[in-house]
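Colleague: I am new to this model and would like to learn how to read it. Could you take me through it feature by feature?

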Amino acid sequence: MGKLFFYVALALVLVSGVLFAPETAGLAIHPMDQFTVTPLFGGDHIAWYTPTNVTLWMFFAVVAVFALLVFGSANRGIVPSRAQSVAELAYGFIYKMVEDVAGKDAVKFFPYIITLFMFIVTANFLGLIPMSFTTTSHFAVTGLLAVVVFVAITITGFVLHGVKFLGLFWVSSAPLALRPVLALIEVISYFVRPVSLCIRLAGNVMAGHAVLKVFAGFAGALGAASFLPIFAITAFYALEVLVAFIQAYVFTILTCVYLKDALHPSH
Amino acid sequence: MATTTHDAGHGAADAAHGSSGMPQLDFSTYGNQIFWLLVTLVVIYLILSRVALPRIAGILNERQGTITNDLAAAEDLKAKAVEAENAYNKALADARSEAQRIVAETRAEIQVGVDEAIAKADAEIAAKAEESEKAIAEIRATALDNVKIVASDTASALVAALGGKDDTDTIAAAVAKRTEV
């Protein structure tokens, strides 16, 4: 059955490549246009409160999270339904991550961390829907996420340990002469953390989507041979599905690692 | 994917009105994105912390409780089964020993009866034997007397026939002498 579908799809792609090839095969590639923020209800001006496609797709993310975690677990089954198992899986996955990476006393931060994870992972996956807008491809979004994590963790560290939190930068196991140098490096690496969090997530998502668009542009330009880039898009799309999850995972686990530093700053 | 290419073409027309290069670096949209992101995060946080997380934690706890209870119940039932088996074995052993006891008792009872009967039979046999001996002795005695009578009669007849005098005392003495055993 699956094989049959595969051959039908293959035939469809080949035929459509021949029939629907553009008459003027021009190379019109605008990979970055998909990231443009546009107001939903017309107009050119974008104020901070204007409902834009960002608003729309963030709303969809909220709906998806709500559907998965609230509707999915509505039955409270001892034997879970499919949606409920996914909800439980997400819960257990993040809970275990927080507990294992950041320690048992980090469990009180679990709701914040799963909020981050659920937002990023749903936004990433929603961004993979053709024609959609990917909120996590914007530095404004990932930057704010990173800054929130950075500020929250720094404040937590100082609240819990006071000035001793600065011991995080003073590597007491190193020779005394090296410590100031190491301290400088540690401080720099500490402040680079939010930047790397921000750039890694947005960069990965943006690059993947842009590459998909570039291949799509090739498909328009190649005429009858357009099935080649379409296969490439299919393969790359699979990779993007992987990246969508892995980047959410990486962001979350790094947050847990940083949180562990804030809770137990001694080296 | 056909729609995606269409979108690209459509975007090309739009791209004319500015925002060349990366839309990510268009700082005029930052305020908008940050505002809506904050709203989204707060909403997701409220949904998760108020509804979803407590509910899922409850489900997981409940399941753990159910599993623990079921395991305990299974352990209980297993213990009961072992107990029942032991009781069964004990009942079997009891019945067996009871049967053996009854067999031994019955055998002893029968033995007593048999012994009694044997003793009685022996006594009867002994009595009969004694009686018979007595009868035999009597018969022998009478036989001896008859012999004496016949002998004395014969002797007196012989004596008379020979012309002798019938001397009863002499004959009796002679008979007694001869018949002495």
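Colleague: Let me begin with one residue: is D94(B) buried, partly exposed or exposed?

Modeller: The general idea is a relative accessible area: under 20% is buried, over 50% is exposed, and partly exposed is in between (1.4 Å probe, protein chains only). D94(B) has a value of 43%, so D94(B) is partly exposed. K90(B), at 54%, counts as exposed.

Colleague: Which bond does D94(B) form with K90(B)?

Modeller: Side chains of opposite charge can pair when their charged atoms come close. The rule for a salt bridge asks for a side-chain nitrogen of Lys or Arg within 4 Å of a carboxyl oxygen of Asp or Glu. D94(B) and K90(B) form one, with their closest N and O atoms 3.7 Å apart. Both lie in helix α2 of chain B, 4 residues apart, about one turn of the helix. Salt bridges with shared partners also join E98(B), R101(B) and E105(B) into one network.

Colleague: Before we go on, what should I know about the model and its numbering?

Modeller: This is a predicted model, where local features need pLDDT of at least 70 and side-chain atom pairs count only at pLDDT 80 or more, while totals for chains, interfaces and linings use all residues. Residues are numbered from 1 along each chain as its sequence is written, chains are lettered from A and ligands numbered from 1 in the order in which they are written, and side-chain values use heavy atoms, leaving out hydrogens and water.

Colleague: How many helices and strands does chain B have?

Modeller: Helices (H or I, at least four residues) and strands (E, at least two) are DSSP runs, numbered from the N terminus. Chain B has 3 helices and 0 strands, giving the pattern α-α-α along the sequence. Of its 181 residues, 14% are buried.

Colleague: How many salt bridges are there over all chains, and what does one look like in chain A?

Modeller: The whole structure holds 7 salt bridges. One of them joins K96(A) and D100(A) at 2.8 Å, N to O, and both residues lie in helix α3 of chain A. Another pairs D261(A) with R193(A) at 2.5 Å. D261(A) lies in helix α7 (residues 227–263) and R193(A) in helix α6 (residues 179–221) of chain A, so this pair ties together parts 68 residues apart in sequence. Both D261(A) and R193(A) are buried.

Colleague: How should I read the interface of chain B and chain A, and what area do they bury?

Modeller: The size of an interface is often given as the accessible area lost when the parts come together. Buried area here is that loss (1.4 Å probe), summed over both parts. Chain B and chain A bury about 4600 Å² between them, 76% of it on carbon and sulfur atoms. Contact means heavy atoms within 4.5 Å; by that rule, 45 residues of chain B touch 53 residues of chain A.

Colleague: How many salt bridges are there between chain B and chain A?

Modeller: The count is 1 salt bridge. E88(A) pairs with R63(B), their closest N and O atoms being 2.8 Å apart. On the side of chain B that touches chain A, two or more residues each come from α1 (2–14) and α2 (30–161). The largest share, 28 residues, comes from α2(B).

Technical notes
Buried area = accessible area lost by both parts, 1.4 Å probe.
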